[in-house]
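Please look over the sequence and the structure below before reading the notes.

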Amino acid sequence: MTTAAVTALVLDLAGTFAFALNGALTAVRAARLDIVGVITLGMITALGGGIVRDVLLGALPPATFNDWRYLAVAAVGGLVAFALSRQLERLATPIEIFDALGLSLFAVTGAAKAMALGAGAGQAILLGAITAVGGGTIRDVLVRRVPTVLSSELYAIPALLGAAVVVVGTRTGFGALLPALAGAAVCLLVRLLGLRFRLDAPHPPGRPDTP
């Protein structure tokens, strides 16, 4: 494997693990599911966005079903969250932190894969964001709540920014690793700042600040 391919795989698997933890913790905290439900929701959160990306790119079958490591890492993440749920729930914001990590890693790997398969700059940025928010959106629908991408502080915007950094960095000759790390850092920083200061994307004029 080339250095770029190894970098993309490592970041993709790290994002898979982070989102699996996030989805499983959401199942424990918000839905109170049993072990099957916890692991299933963790795996759906971790793998859903990548599957949607690969289907849109025509990369079939999706990487999830071509490489056993994705399913294994997602299942392990769900099991870890289930086994340590009591300890993790004592932390202030474990779900938000794991979600921000998964969002950042998937935004850059989604954009990188889209470019590797010949997508244009705009399409790669959009597919990076879809990879990042897809699994979380499916997760939220399954636990019957408004998807985070539609309601939370700066969710889709950080993913778009991270993907854009990857596209611009790669197109200007910085290789694969540096743009990926920079894009993930930008996405993570903007997402965490949004959470910390409760920053929102613009709302329609006249919309009340609180429900």
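Predicted model: local features only at pLDDT ≥ 70, side-chain atom pairs only at ≥ 80, totals over all residues.

Residues are numbered from 1 along each chain as its sequence is written, and side-chain values use heavy atoms, with hydrogens and water left out.

**Empty space: the cavity**

- Rolling a probe the size of a water molecule over the atoms shows where empty space is left.
- On a 1 Å grid over the protein atoms alone, a cavity is a set of points where a 1.4 Å probe fits but cannot get out, whereas a pocket is an open set with protein on both sides within 12 Å along at least five of seven lines; lining residues have an atom within 4 Å of a point.
- Grid points are joined across faces, edges and corners, and a volume is the space filled by probe spheres set on the points.
- The count is 1 cavity of 30 Å³ or more, and the largest cavity has a volume of about 80 Å³.
- Its lining includes Asp 12, Thr 16, Arg 53, Asp 54, Tyr 70 and Phe 106.
- Helices H1 (3-31), H2 (35-57) and H3 (63-66) each supply at least two residues of this lining, and H2 gives the most, with 5 residues. Helices (H or I, at least four residues) and strands (E, at least two) are DSSP runs, numbered from the N terminus.
- The cavity lining has 5 nonpolar, 4 polar and 3 charged residues. Here Ala, Val, Leu, Ile, Met, Phe, Trp, Tyr, Cys and Pro count as nonpolar, Asp, Glu, Lys and Arg as charged, and the others, Gly among them, as polar.

- The largest pocket holds about 550 Å³ of space.
- Of the 30 residues that line this pocket, the closest to its centre are Ala 4, Ala 5, Ala 8, Ala 112 and Lys 113.
- H1 gives the largest share of the pocket lining, 7 residues.
- The pocket lining divides into 18 nonpolar, 6 polar and 6 charged residues.

**Spans from UniProt**

- An unreviewed UniProt entry places the feature "transmembrane region" at residues 6-28, 35-56, 124-142, 154-170 and 176-194. UniProt positions are given in the numbering used here, feature names are shortened, and annotations may be inferred rather than shown by experiment.
- Residues 6-28 are 100% helix and 0% strand, with end C-alpha atoms 33 Å apart.
- Residues 124-142 are also 100% helix and 0% strand, with end C-alpha atoms 27 Å apart.

- Arg 139 is in helix H7 (residues 121-142). Arg 139 counts as buried because its relative accessibility is 1%; buried means under 20% relative accessible area, exposed over 50%, and partly exposed in between (1.4 Å probe, protein chains only).
- The side chains of Arg 139 and Thr 148 are joined by a polar contact of 3.3 Å. A polar contact is a pair of N or O atoms within 3.5 Å; within protein, one must be able to donate a hydrogen and the other to accept it, and residues adjacent in sequence count only if both atoms are side-chain atoms.
- Gly 77 lies in helix H4 (residues 68-83) and is buried, at 0% relative accessibility.

**Backbone details in loops**

- A cis peptide bond, with omega of about -10°, joins Leu 60 and Pro 61; Pro 61 lies in the loop between H2 and H3.
- Arg 144 is not a glycine, yet has a positive phi of about 60°. Arg 144 lies in the loop between H7 and helix H8 (148-151) and counts as exposed, at 82% relative accessibility.
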